[in-house]
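Hi everyone, thanks for coming. I'd like to walk you through one model today, so please have a look at it with me.

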Amino acid sequence: MIGKSLELYNLVLQFLRTLFLRTREVHYCTLRSELLMAVHDLEIKDIKDIDPCHKFTWCLDACIREKVIEGKRTKELQGFLDHAKHSEEQVLGDIAMILCDPFAINTVSKSVIKLLQKLVNTESLPRSCADASFLLRVLNLGVSAWEMISNQHFTEVALSGELIHKFLPLLMSLMVDSSLQSLGNKLADRDDNGDVESPEQFIDYFVEITSSNSVAFTLAWCYLLHVIKQKDRQTLVAIMPWFVNMCQERELDEVSLHTLISSLAAWQDEFSHLDFCDLVFDQFLLVLVSDTSVLRHTLRLLWYVLPKVDPQKVVHVLTIAQPSSEHNESIHDLHAIIVERVANSNALTPGSSSVEQPSSASSLSSSHSPLEYIQPAST
C-alpha cells in the first residue's frame, strides 16, 4: 500500500501516533515497529535511510528475536539511541512508542530479571552495573511513551534513583530467598534481630513503589511471571499477597492480565490442589473481580483449568464471578458456557445429583447464581 512513497509512510506513522494517543492501545506501537521492519526487509532505502529510528528498531528487533538484550546488543542499542536523540526532537517520541510495543517491554523486562540473577550469582549490586542502568532507561522510555506524546514533551524523564538503589536489590533479595528455599538451606531458627529484615517487612514499600512507578510495576510483574514459569510454588505463595495489594492500588491492563492467565494455564496440574486454587482464585483474582477485565480473565483461566479443579471450587468461583447486567455479552456468554460445561460434566459423572439441564448455554439466565443449576458431584 505504501510502496516506496515516503509521504505515505509518514502519513501512516502520523495516523498510528494519533490512534495510540486516542486509545492508549499499545498494539499500535507494535504496528509502528513492524511497519519499519517491513520496510527494512524489503530494502526500501528511500524510507529506511530517512527514518532516524531505523537502526535502533532493527537492533531492538534482533534482541526481541533472541529474547534477551545483553552483551554487544546493549552497547549497540545505547549507541543508536544516543545518536537518534541528537536528530529531530520528535524522534525520541517515536523511539518511546517503539519501545512501548509489548514485545519490546517483555524483552527488556526479562533482560533485567536475567541480569539481576547474574548479579546475585556474582554478589554484585545493580548500582555498579552500567547495563542495568541502561535497561532501566530504555524501559522507562517505553512505559512513559503515551505521556511523552500526549504532553509533546520529548525529553527523557529522569529515573528515580530509588529504583536502582532499593527496588532492584529488593527483587534480588527475593531471588536469593527463593534459591535458599529450593536448596533447603534456610535456617530453621533466626535471631529476632531488628537489623535483619525479612522480605515480608518490605510489603508496604513494594506496594507503594509498584503502585506509583510504572517501571517498578513492569519489573515486578515480569518477576511474578518468571516465578510462575519456573513453577516455583513456594515463592509464588510468599509473594502473591504482595501483588494483591499492588493491584488494588493500580489497574491491570489487558496485556498484563493475558500474560498472567496464559502462564497460570500452563501450570494446569497444580490446580488439582485446593490450596493452590485458593491462592490464585480466592486470594488474588476474585479479590479483584470487580474490574471487568479481571472478571473476563478469571473466567478464561477457569475454562482452561476446569478439568483439574474441584467441582465445589468451580461452583464457588462461578458464583463470585457472576457477571451483572453492566457487563458485555461476551462475558455473559463465557460464564454461561462454563456453567453448561460443568453441568454436562456432572450429568455424566456416576453418583452425581440429578438436575434438570438447560437445553443451551443461552438459556442460562445471567441473573441467577450457578448454584441454582449446578450441583457439585457427590464425593
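First, some housekeeping. This is a predicted model, in which local features need pLDDT of at least 70 and side-chain atom pairs count only at pLDDT 80 or more, while totals for chains, interfaces and linings use all residues. Residues are numbered from 1 along each chain as its sequence is written, and side-chain values use heavy atoms, with hydrogens and water left out.

So, the overall picture. The protein chain has 18 helices and 0 strands; these are DSSP runs, H or I of at least four residues for helices and E of at least two for strands, numbered from the N terminus. Of its 379 residues, 47% are buried, meaning under 20% relative accessible area with a 1.4 Å probe, protein chains only. Among contacts (heavy atoms within 4.5 Å) between residues at least 6 apart in sequence, 72% join residues at least 24 apart.

Now to helix α4, residues 54–66. Its 13 residues reach 18 Å from first C-alpha to last, close to the 18 Å expected at 1.5 Å a residue, where the expected span is 1.5 Å times one less than the number of residues. Its buried residues include His 54, Phe 56 and Asp 61. What do the buried residues of α4 pack against? The partners are α2, α3, α5, α6 and α7.

Tyr 28, Cys 29, Arg 32 and Ser 33 in α2 meet Asp 94, Met 97 and Ile 98 in α6.

In α3, have a look at Lys 48. Lys 48 is buried, at 10% relative accessible area, and its contacts beyond four places in sequence include His 40, Glu 43 and His 54.

Finally, the largest nonpolar core, with 116 residues. Such a core is a set of buried Ala, Val, Leu, Ile, Met, Phe, Trp, Tyr and Cys residues joined through side-chain atoms within 4.5 Å. Phe 271 is among the members touching the most others. Helix α12 gives the largest share, 12 residues.

Terms used
Buried means under 20% relative accessible area, exposed over 50%, partly exposed in between (1.4 Å probe, protein chains only).
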